[in-house]
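Open the model in your viewer and keep the sequence panel beside it. This tour goes stop by stop, telling you what to select and what is there.

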Amino acid sequence: MSATESFTAALLTMVEHDTPPPCTHDNRWTSDDHGHRATAASLCRTCPLITQCSQYAHEIKATHGVWAGHDYTKSQRRPREATS
């Protein structure tokens with residue numbers, strides 16, 4: 001079973017049992033605000049899907065948002081120019 005299939009099956013099971021993961025309907029996991037994503041990452045620690053989520057993020061090569069407590073969002077800051 002692929003990581004995508006495993007993650008999807010586990011997620012559906014949680015939703016069917018009315019125990020959705022903390023990221024459900026919460027935009028902090030994909031927010032442009034670093035503080036929001038930091039809070040989201042800490043909330044991942046209690047999620048029973050953390051292993052499947054991590055494998056899924058790796059499989060899809062995540063580049064934005066919080067997955068399994070890890071912030072995959074690249075810094076949007078521009079490099080500082082050297083001063084003379």
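Start with two helices. Select residues 3-16, helix α1, and residues 50-60, helix α3. Their axes come within 8 Å and cross at roughly 140 degrees. Axes here are lines fitted to C-alpha atoms, for helices over the stretch in contact, and angles run from 0 to 180 degrees between N-to-C directions. α1 and α3 are therefore oblique to each other. On this scale, angles under 35 degrees count as roughly parallel, over 145 as roughly antiparallel, 65 to 115 as roughly perpendicular and the rest as oblique. The crossing of α1 past α3 is left-handed. Left-handed means that the near helix is turned anticlockwise from the far one by less than a right angle; clockwise would be right-handed.

Before moving on, note what you are looking at. This is a predicted model, in which local features need pLDDT of at least 70 and side-chain atom pairs count only at pLDDT 80 or more, while totals for chains, interfaces and linings use all residues. Residues are numbered from 1 along each chain as its sequence is written, and side-chain values use heavy atoms, with hydrogens and water left out.

Now show side chains where the two helices meet. On α1, pick A3, T4, S6, F7 and A10. On α3, pick Q52, C53, Q55, Y56, E59 and I60. These two sets are in contact, meaning heavy atoms within 4.5 Å. By class, this contact has 6 nonpolar, 4 polar and 1 charged residues. Ala, Val, Leu, Ile, Met, Phe, Trp, Tyr, Cys and Pro count as nonpolar, Asp, Glu, Lys and Arg as charged, and the others, Gly among them, as polar.

Zoom out to the whole chain. How many helices and strands are there? The chain has 3 helices and 2 strands, in the order α-α-α-β-β along the sequence. Both are DSSP runs numbered from the N terminus: helices are H or I with at least four residues, strands E with at least two. Of the 84 residues, 26% count as buried. Buried means under 20% relative accessible area, exposed over 50%, and partly exposed in between (1.4 Å probe, protein chains only).

Next, select C47, in the loop between α2 (34-44) and α3. Is C47 buried or exposed? It counts as buried, at 13% relative accessibility.

Go to the loop between α1 and α2, and select T30. Leaving out residues up to four places away in sequence, T30 touches H64 and G65. T30 and W67 are 37 residues apart along the chain, with 9.5 Å between their C-alpha atoms.

Two backbone stops remain. Most residues other than glycine have a negative phi. H25 is not a glycine, yet its phi is positive, about 55 degrees. Find H25 in the loop between α1 and α2. H25 counts as exposed, at 84% relative accessibility.

Finish at K61, in the loop between α3 and β1 (66-67). K61 also has a positive phi of about 55 degrees and is not a glycine. It is exposed, with a relative accessible area of 66%. Draw a distance from K61 to Y72: 9.3 Å, C-alpha to C-alpha, across 11 residues of sequence.
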